[in-house]
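Open the model in your viewer and keep the selection tool at hand. This tour goes stop by stop, saying what to select and what is there.

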Amino acid sequence: MKRMSIVNTWVGAVVGAIPPIMGWTAATGSLDAGALLLGGILYSWQFPHFNALSWGLREDYSRGGYCMMSVTHPAMCRRVALRHCLALIGLSTLAPILNVTTWNFPLISLPINLYISYLGFRFYRDADRSSSRKLFFCSLWHLPMLLLLMLTCKKSLLEKEDKSELLS
């Protein structure tokens with residue numbers, strides 16, 4: 001697909017988001033909002049990660065005949081990366097609303113989400129190899145850190161049951 005259309009990036013992001021959804025579903029026994037939230041985080045994370053990586057490989061992709069966003073639509077490549085950096089802030093805020101984490105999660109994940117968003121903005125604005133490398137290397141530690149914070153702030157099964165009993 002990389003030789004045919006830039007849609008390959010979105011298809012790859014969906015494919016990358018499916019395993020965490022499957023894992024959540026297998027572990028909990030249900031395909032619920034938490035599974036979709038986790039999939040959404042992985043989906044959005046992939047754009048700053050891959051778009052920043054592909055930026056540094058533009059010449060190689062072009063010579064190889066690959067139809068990559070960084071080659072054929074460079075402004076869109078940077079814009080999409082920034083948009084999904086910002087989406088990570090929104091998705092982190094959704095976690096306690098969906099009863100997946102406590103309200104501590106969006107607060108303590110905000111610094112790392114703001115930092116990747118700042119680097120996403122720098123990549124968008126500067127459009128150079130240095131800004132793309134910084135964003136790419138940030139993405140390598142950002143996802144494990146975000147998931148670790150999410151894990152440490154997760155709602156226990158008892159908290160979820162207590163809340164559902166109060167609602168009924």
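A salt bridge here is a side-chain nitrogen of Lys or Arg within 4 Å of a carboxyl oxygen of Asp or Glu. Keep that cut-off in mind for the opening stops. Remember too that this is a predicted model.

**Stop 1: a pair within helix 3**

Select arginine 63 and aspartate 60. Their side chains meet in a salt bridge, 2.4 Å from N to O, which is within the 4 Å cut-off. Both residues belong to helix 3. They are three residues apart there, so about one helical turn separates them. Now show the surface. Arginine 63 is exposed, at 66% relative accessibility. Aspartate 60 is partly exposed, at 41%.

How many salt bridges does the structure hold? There are four. Move on to another.

**Stop 2: from helix 3 to helix 7**

Select glutamate 59 and arginine 129. They form a salt bridge, with the closest N and O atoms 3.3 Å apart. Which parts does this pair tie together? Glutamate 59 lies in helix 3 (residues 58-63) and arginine 129 in helix 7, so the bridge links parts that are 70 residues apart in sequence. Glutamate 59 is partly exposed, with a relative accessible area of 37%. Arginine 129 is partly exposed as well, with 44%.

**Stop 3**

Go to arginine 125 and aspartate 126. The closest N and O atoms of this salt bridge are 2.8 Å apart. Salt bridges with shared partners join Arg122, Arg125 and Asp126 into one network. Arginine 125 has a relative accessible area of 48% and is partly exposed. Aspartate 126 is partly exposed too, with 26%.

**Stop 4: rings**

Leave the charges and look for aromatic side chains. The whole structure has six aromatic pairs. Select tryptophan 55 and phenylalanine 123. Their ring centres are 5.3 Å apart and their planes stand at 90 degrees, so the pair is edge-to-face. Tryptophan 55 is in helix 2 (residues 33-56) and phenylalanine 123 in helix 6, so this pair ties together parts that are 68 residues apart in sequence. Is each of these two residues buried or exposed? Tryptophan 55 is buried, and phenylalanine 123 is buried too.

The charged end of arginine 58 sits over the tryptophan 55 ring, 3.9 Å from its centre.

Next, select phenylalanine 136 and phenylalanine 137. Their ring centres are 5.3 Å apart and their planes are at 65 degrees, so this pair is edge-to-face. Phenylalanine 136 counts as buried, at 15% relative accessibility. Phenylalanine 137 is partly exposed, with a relative accessible area of 42%.

Finish this stop with Trp10, Tyr43 and Phe47. Ring pairs link these residues into a cluster.

**Stop 5: a buried glycine**

Select glycine 120. This residue is in helix 6. At 0% relative accessibility, glycine 120 counts as buried. The C-alpha atoms of glycine 120 and valine 80 are separated by 9.3 Å, and the two residues are 40 apart along the chain.

**Stop 6: a nonpolar patch**

Switch to a surface view. Select Tyr115, Tyr118, Trp141, Met145, Leu148 and Leu151. Together they make a nonpolar surface patch of about 600 Å². Helix 6 (104-126) and helix 7 (129-152) each supply at least two of the patch residues. Which helix supplies the largest share? Helix 7 does, with four residues. Pick out methionine 145, which is found in helix 7. Methionine 145 is partly exposed, at 35% relative accessibility.

**Stop 7: the annotated spans**

Look along residues 104-123. The chain there is 100% helix and 0% strand, and its end C-alpha atoms are 29 Å apart. Then turn to residues 135-152. This span is 100% helix and 0% strand, with its end C-alpha atoms 25 Å apart.

Key: Residues are numbered from 1 along each chain as its sequence is written. This is a predicted model: local features need pLDDT of at least 70, side-chain atom pairs count only at pLDDT 80 or more; totals for chains, interfaces and linings use all residues. Side-chain values use heavy atoms; hydrogens and water are left out. Patches are made of residues with over 30% relative accessible area and no salt bridge: like charges are joined within 9 Å, nonpolar side chains (Val, Leu, Ile, Met, Phe, Trp, Tyr) within 5 Å. Accessible areas come from the Shrake-Rupley method with a 1.4 Å probe; for residues, only the protein chains shown count as cover. Buried means under 20% relative accessible area, exposed over 50%, partly exposed in between (1.4 Å probe, protein chains only). Rings of Phe, Tyr and Trp (its six-membered ring) pair if their centres lie within 6.5 Å; planes under 30 degrees apart count as stacked, over 60 as edge-to-face and the rest as tilted. A charge sits over a ring if NZ of Lys or CZ of Arg is within 6 Å of the ring centre and within 35 degrees of the ring normal.
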